[in-house]
Amino acid sequence: MEFEDEASPPDEEAVVVLGIVAAPGQPIGLARKIVDEDLVEHVHTTYPGARWQVEVVEAALVQPPATDSQIVDAARDILLEREWDLVVCLTDLPLHVGRRPVVAHANAVHGVAVLSVPALGPTGLRQRARTTVTGLIGQLLGADADDLRQHGKSPSKSPLRHRVRQLGTDTDDEGTAFTARVLTGNLRLLFGMVRANRPWRLALGLTRALTGAIAAGVFALVTADIWLLADTFGWVRLTGVAVGSIVAITATLIIGANLWERGSSRQAREQIVLFNTVTVITVVLGVAALYAALFALSAVGALCLVVPQVFGDALAHDPGITDYLEVAWLTCSLATVGGALGAGLETDEAVRDAAYTQHPAESV
């Protein structure tokens, strides 16, 4: 089913395919009812910019008991297989974000949203389902309060409309040109996905990585050999060590948790180029935020714990603020390497949950 916007000829070539995967029983029945009524028209009115096409598939994605991340992974596989742009999964299983039960949540990076039908309640089921699905689509598009506010004032010129049009525009180039066009043609969508993913919160979800970083930092901070290395390295080598440490933990997280995806078909490749780009940006920004926090802690720790007299004896000259900053810098880099070792001990599910923050649409 699709709904065309005849008033916007430039958007007619853009088609956004929304897949709805529903479990047998009540979920598939509800999915068919809201689609047969006015879901497509409602979605198009809320998010203009392209023709919306909805495909409904009945499938039991996982066998209970199953985690939310397993549902997302299974729905993502169907999205890539059927070359959809977004997918909403209706399930009869309970959902949680952390330990908090929720009605639904959206994973903007994967383009997957999940809705627990039983959590909608016994009354007004169709209306609540349509409203929740529409709201989840907005989260998948990376829309925030400012986007929705501007969209309400001027829908024809809003960034949200532009994202919808970009998402629904085919990209036919091959090779490097294909990748370049996908990225440059979807900049707003890409940055919206990164912003929705909250990369600065990455380290908070990785307890082993954080523990490893802190342990390595404390050890480095009280080691006289580290003081001497920091004093003799110079800014160029310190910068090299910093970049190397960030690359090390980024690669560990992406490779260790199998966050890098591959695909063959054109639509799947377009999705995967965006997905992998968002993944790299998310992890790099998250690691950079961790690095900045570790540097601040290392600087405070160096000033508080490294006694000037002992520090000066080790360096054979009176220490200044630059010497303390150099120690903090090298300590921070070594702590980040320690974080990479800790990240290698994290489970794939823990890394995915930390890297792809799932935003609750509505609490139970």
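This is a short tour of one predicted model, stop by stop.

**Before you start**

Residues are numbered from 1 along each chain as its sequence is written, and side-chain values use heavy atoms, with hydrogens and water left out. Because the model is predicted, local features need pLDDT of at least 70 and side-chain atom pairs count only at pLDDT 80 or more, while totals for chains, interfaces and linings use all residues.

Helices (H or I, at least four residues) and strands (E, at least two) are DSSP runs, numbered from the N terminus. Buried means under 20% relative accessible area, exposed means over 50%, and partly exposed is in between (1.4 Å probe, protein chains only).

**Stop 1: strand β2**

Select residues 15-22, which are strand β2. How many of its eight residues are buried? Eight of the eight are. Colour Val 15, Val 17, Gly 19 and Val 21 to see one side. Then colour Val 16, Leu 18, Ile 20 and Ala 22 to see the other. Both faces are covered. In a regular strand the side chains alternate between the two faces of the sheet.

Two strands pair if DSSP finds at least two bridges between them. Strand β3 (residues 51-58) runs parallel to β2, joined by eight bridges. Pick Val 16: its bridge partner in β3 is Trp 52. Strand β4 also runs parallel to β2, with five bridges. Here Ile 20 stands opposite Val 88 of β4.

**Stop 2: strand β7**

Move to residues 112-116, strand β7. Five of its five residues are buried. Val 112, Val 114 and Ser 116 point one way. Ala 113 and Leu 115 point the other way.

Keep β4 on screen. β4 and β7 pair in the parallel sense over five bridges. Thr 91 has Ser 116 of β7 as its bridge partner. Next, show strand β6 (residues 100-107), which pairs with β7 in the antiparallel sense over four bridges. Asn 107 stands opposite Val 112. β6 and β7 form a hairpin with four residues between them. Select Gly 111 in that turn: its phi is positive, about 70 degrees.

**Stop 3: Glu 83**

Select Glu 83, in the loop between α3 (68-82) and β4 (86-91). Its phi is near 60 degrees, a positive value in a residue other than glycine. Is Glu 83 buried or partly exposed? Glu 83 is partly exposed, with a relative accessible area of 35%.

**Stop 4: helix α12**

Jump to residues 308-315, helix α12. Its buried residues are Phe 311, Gly 312 and Leu 315. They cover an arc of only 100 degrees around the axis, so they sit on the same side of α12. That arc is taken from the directions from the helix axis to the C-beta atoms.

Step on to Ala 316, which follows α12. Ala 316 lies in the loop between α12 and α13. Its phi is positive, about 65 degrees, although it is not a glycine. Ala 316 is exposed, with a relative accessible area of 70%.

**Stop 5: the aromatic rings**

A pair of aromatic rings is described by the distance of the centres and the angle of the planes. Rings of Phe, Tyr and Trp (its six-membered ring) pair if their centres lie within 6.5 Å; planes under 30 degrees apart count as stacked, over 60 as edge-to-face and the rest as tilted.

How many aromatic pairs does the structure hold? It holds three. Show Trp 227 and Phe 311: their ring centres are 5.4 Å apart and their planes at 75 degrees, so the pair is edge-to-face. Trp 227 is in helix α10 (residues 224-256) and Phe 311 in helix α12, 84 residues apart. Both are buried.

Now show Trp 235 and Trp 329. This pair is tilted, with 5.3 Å between centres and 45 degrees between planes. Trp 235 lies in helix α10 and Trp 329 in helix α13, so the pair ties together parts that are 94 residues apart in sequence. Trp 235 is partly exposed at 48% relative accessible area, whereas Trp 329 counts as buried at 17%.

Ring pairs link Trp 227, Phe 311 and Tyr 324 into a cluster.
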